[in-house]
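Open the model in your viewer and keep the sequence panel beside it.

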Amino acid sequence: MQAQPGSSLPLVVDLDGTLLATDSLYESFWAGLGQAPVFTLLCVLRNISNPSRLKSALAARVQPDIENLPPRQEVLDQIAQAQQAGRMVALASGADQRIVDAVAQRLGLAGVHLGSDGTTNLTGAAKAAALVARFGAGGFAYMGDSRADIPVWQAAGQAIVVAPGKKLRRRIKALALTDVTFIGAPPSALALLRAMRPHQWVKNLLLFLPMLAAHQFDLATFGAILLGVASFCAAASSIYIVNDLLDLSADRQHAQKRFRPFASGAAKIVHGMALSVALGAVSLLVAAWLGWGMFGLVLLYMALSLAYSLRLKRLRWLDVFMLATLYTLRVVAGTLAGQLVLSGWLANFIFPVFLALGCVKRLTELAGAPPGKALAGRGYAPEDRADLRNIAIAATLAATVIFGLYTFSNIASALYIAPWLLRLAALIIPIWLARMILRGWQGRMNHDPIVFALTDAPGVALLLFGAVLVLSAAGLF
């Protein structure tokens, strides 16, 4: 077939990173980890050296949620313009043929589309040869997004480069192709920063609680706990990324979470995977510097968090108890980092507080869910709201009683010159938690109650008043 003017050539569109702002192989991998983790890991280990066979094996057992994969609007616009002009539009991708056909069906693209078949990995030179065999040298326009597409652009009559980075743009310009168009912007590093959820790092200030409870205010203790906070921030961000990758399908069905970096395609999954591993390694190195006890606890925290992300968060009731456990581990970490003695009073008080807040988190999500619909990726349904509220109320009462009993203990008498002020502070606990439970029941808060608590003016005022009472009881205010 002879080359034709670019405006009339058949338009061939790559899938991963081009038509879709994501990669179907990584999508399949994470969907597989959520649905069949043992199979998925074994599949990767057995086929890591054969990409086409790996894609085929995964696609035969697990597939991503095709209907909710994020497309690039600028590419959809190009496809629509080509169709209006009467041009043929075909997909040609390194993705498995089953996924290519499913995406084509979703978009209503008739005709024959090309994908990997378990033997041939349809990328680079293999894709170029297949397209030349079908359309002739220079007989097609090709939309791609990566360095692997260079042989295809060289064989095409028109090159359309999607969301290129600076290196790829320079490389394409150096090829001196006769007809090149650049569209779209590359992913921003800020999207990866958002995926780390730095606003959640405030939770790790819980590591300072043992220092405050023990009135141990020396600089060495503060510095050691600050390093512990840094370790937990890195560990938490590592797991947040894993959690987002496991929740891709559920997040895309959520009114707000669909805008998260990986769910929306603003950040690449492979970059997230690399960042998660790096953050985990940094966290463990810092923890090891603080001591093997701290190293073991951070490792336990990460293991439990991973188990939570993979399975436990889908188990009704166990989910909220795990959330409370992960928060309590932060307090234990503060004692290890600062080489303090863990107070049983503190641990027993913190657990029910965060059990109540875990229930508030689920109440908020259920309040915002469509009527009669269960939470995607969770084990809760609308009929569980009353039970969640009751658990939160019971946990609030438990926390209040434990704190009240503490004010009469020998430890409190030794640390505080005015324990009666502590008893006044105990009244703040049920008032503050009752407000949180009510807001969660009404669905009137951020999906994370800790983040909400830091921006809720009346709640912050209550907490500050309680802090003043505690400091006054200690003679520090």
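Helices here are DSSP runs of H or I with at least four residues, strands are runs of E with at least two, and both are numbered from the N terminus. The model is predicted, so local features need pLDDT of at least 70, side-chain atom pairs count only at pLDDT 80 or more, and totals for chains, interfaces and linings use all residues. Residues are numbered from 1 along each chain as its sequence is written, and side-chain values use heavy atoms, with hydrogens and water left out.

**Stop 1: Ser-276**

Select Ser-276. It lies in helix α14. Ser-276 is buried, at a relative accessible area of 8%. Buried means under 20% relative accessible area, exposed over 50%, and partly exposed in between (1.4 Å probe, protein chains only). Now show what Ser-276 touches: Ser-238, Ile-241 and Val-242, leaving aside residues up to four places away in sequence. A contact means heavy atoms within 4.5 Å.

**Stop 2**

Colour the buried set: Ile-269, Gly-272, Ser-276, Leu-279, Gly-280, Ser-283, Leu-284, Ala-287 and Leu-290. They cover an arc of only 130 degrees around the axis, so they sit on the same side of α14. The arc is that of the directions from the helix axis to the C-beta atoms. An α-helix has 3.6 residues a turn, so residues three or four places apart point the same way.

Turn to the face of α14 directed away from its buried side. Exposed Val-277, Leu-285 and Trp-289 are there. Then step past the helix to Gly-291, which follows α14 and has a positive phi, near 135 degrees.

**Stop 3: Glu-27**

Jump to helix α1, residues 24–35, and pick Glu-27. Is Glu-27 buried or exposed? Glu-27 is buried, with a relative accessible area of 3%. Beyond residues up to four places away in sequence, Glu-27 touches Thr-22, Pro-64, Leu-69, Leu-248, Arg-252 and Ile-269. Ile-269 is also one of the buried residues in α14.

**Stop 4: zoom out**

The C-alpha atoms fill a box of roughly 95 × 50 × 40 Å along the principal axes. Of the 477 residues, 50% are buried.
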